[in-house]
Amino acid sequence: MSQYEHTTVSVAPLVLLSVVDHYERIIKSSSTSNNNSNKRVVGIVLGDSSDKKLIKVTNSFAIPFEEDEKDPSIWFLDHNFIDSMMEMFKKINAKEKLIGWYHSGPKLRRNDLKINEILKSFTPSPLLLIVDVNSTDKIDIPTDCYTAIEEIKEDGSSNEKTFLHLPSIIQAEEAEEIGVEHLLRDIRDQACGNLALNLTNNFKSLTSLNERMKSIVSYINRVISGKLPINNDILGKLQDIFNLFPNISGLTEGAKNSSNSTVKVSQTDVGGIESKSKQLGNAFNVRTNDDLMLVYVSGLVRSIIAFHDLIENKIENKTLNEKSTTIDEEKKESEQEKDKEDISKADTKKVDDIDEKDN
């Protein structure tokens, strides 16, 4: 377990697109798609697992897989298909090796450990990538990564194999980023600039942080009420998180009001700490106000420029319309003058003809 303590899995967008395409072709396009909400698709993931700190998942392919919905212990996996596909992938890119497998989840299944044992014949420690293709969460990424380990029990009983969760990120190469931007061109609002996108991403991050804090508060309340047992590992992680938060206000309130504290704080120290906390709080407030003012001024300038361009466009269209109207009038006048000249010439010719006849 210690070897996976600082391990992160990097998933390429190409893998997500491939899994979704596999699910759409196999599950949703089938004739019995009305009652197959529990069905899933299974495939192989390729990449590089030489660096234990960052496992890269760069490619994938689908494999034939069937399982009984009523009895999960009955399932079928085509081994020969994996061998033939790996031979073809080696000809394309020898650096991409088989590092694990994926399925469309959305959560772990009872027979995942058995399937993982079969994959050990291709790689020593297979990686399991779960892609929730029907995810409705707009904040978190729809991927979960696991690796199988042997859990050592404290009571001395026999060890059992279980899955260890690994943190995952979505990371693309430069060429993939161009392709993803092209695919998202029809989804993203083109009227939004980089500033609006950054603000949207910050809002989503703050929303995610708010949900995490609510879940932490709910867990602590359940532990206090006795509904959940005390887990020192989780509490230690929470303490590490709290220690990373900056205390920008009320630094001395705890020292003054705490009855269990044995540390004596002098008035001089209290005044110094209060002044520093106020300075830090004011610095945060000033920086926030400056950023908000910059956002406001930027939006105002952008609106004024857009309004100015709109007015210039209307003036230019009006000028073009006036020019076209003037040209049309001049053409009409010239045509009328030509008609008059033609009529006068015709009259003159008639008079000349009459004079010739008289003569």
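Does E341 count as buried, partly exposed or exposed, and at what relative accessibility? At 46% relative accessibility, E341 counts as partly exposed, where buried means under 20% relative accessible area, exposed over 50% and partly exposed in between (1.4 Å probe, protein chains only). This is a predicted model, in which local features need pLDDT of at least 70 and side-chain atom pairs count only at pLDDT 80 or more, while totals for chains, interfaces and linings use all residues. Residues are numbered from 1 along each chain as its sequence is written, and side-chain values use heavy atoms, with hydrogens and water left out.

**The chain overall**
- The chain holds 8 helices and 10 strands, taken as DSSP runs numbered from the N terminus (helices H or I, at least four residues; strands E, at least two).
- Of the 359 residues in the chain, 21% are buried.
- Among contacts (heavy atoms within 4.5 Å) with a separation of 6 or more, 61% are between residues 24 or more positions apart.

**Around L54**
- L54 belongs to strand β3, which covers residues 54-62.
- With 26% relative accessibility, L54 counts as partly exposed.
- Leaving aside residues up to four places away in sequence, L54 touches T8, S10 and D48.
- The C-alpha atoms of L54 and T8 lie 4.9 Å apart, although 46 residues separate the two in sequence.

**Around E341**
- Helix α8, spanning residues 267-358, contains E341.
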